[in-house]
Amino acid sequence: MTALVIGLVLFIGSHSVRLLASDWRSATMARLGEKRWKGVQALVSLFGFGLIIWGFPAARLDSPLLWQPPLWGRHLAGLLMLPAFILLVAAHVPNNALRDRVGHGLVASVALWALAHLLANGRVVDVVLFGAFFVWALLDFFSLRRRDRLAGNVRHDGSARNALIAVVVGGIVWAFFAGFAHAWLFGVRPFG
């Protein structure tokens, strides 16, 4: 569990510097330069992600069960992943109305992913991993939306056609992941 927690602190922490220490981030970026700052942040993030990937399965082996998730929780989690995948894709499709409306779809996608997995898993280690990502994503999403409002960043010129592309591609990726990739990668069939 130690590796997982350190990984979460490094990964989520590296993605929360603007949220928690904006002035320090700006001063450090000015001192190091933007490229060096982003390089250091990427290395810290990747190291943290590696610890999460290594630490989660190890911690899961002896993690106590807090509750037995109901079967419907697994099915609901699988369904919640559909909008999570759509938002993930929409965050990367340029000039689309869905991204404009949601704002920060990648963070919203992480929140849905974490919530879905909290519904489907009941071990302590699951609550630590998915709970940490869920809390971080909610705080970050609302902070980013607030920052946009204060800065007057309003986007409403995105294309409905590109939003539809994001929905279709997100749906295809979700179907592939739910039908095949999740079982292959993690040994669990969301709808099985």
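## Two salt bridges

Glu34 and Lys38 sit four residues apart in helix α4, so about one helical turn separates them. (Helices here are DSSP runs of H or I with at least four residues, numbered from the N terminus.) The two form a salt bridge, with their closest N and O atoms 2.9 Å apart; the term means a side-chain nitrogen of Lys or Arg within 4 Å of a carboxyl oxygen of Asp or Glu. Glu34 is partly exposed at 45% relative accessibility, and Lys38 is partly exposed at 47%. For these labels, buried is under 20% relative accessible area, exposed is over 50%, and partly exposed is in between, using a 1.4 Å probe and protein chains only.

This is a predicted model, where local features need pLDDT of at least 70 and side-chain atom pairs count only at pLDDT 80 or more, while totals for chains, interfaces and linings use all residues. Residues are numbered from 1 along each chain as its sequence is written, and side-chain values use heavy atoms, with hydrogens and water left out.

A search of the whole structure turns up two salt bridges. Arg60 is partly exposed at 29%, whereas Asp126 is buried at 0%.

## The nonpolar cores

A nonpolar core is a set of buried Ala, Val, Leu, Ile, Met, Phe, Trp, Tyr and Cys residues joined through side-chain atoms within 4.5 Å. The largest one has 22 residues, and Leu4, Leu8, Ile12, Ile52, Phe56, Leu129 and Phe133 have the most contacts inside it. Helices α1 (2–14), α4 (34–60), α7 and α8 (124–151) each give two or more residues, with α8 giving the most, at eight.

Apart from that core lies another, of nine residues, including Met81, Ala84, Ala116 and Ala120.

## Helix α5 and its cover

Helix α5 has 20 residues (71–90), which at 1.5 Å a residue should span 28 Å; its end C-alpha atoms are 30 Å apart, so the two agree. That expected span is 1.5 Å times one less than the number of residues.

Among the buried residues of α5 are Gly73, Ala77, Leu80, Met81 and Phe85. Their cover includes α6 (97–102), α7 (105–120) and α9 (160–186).

Definitions and conventions
Contact = heavy atoms within 4.5 Å.
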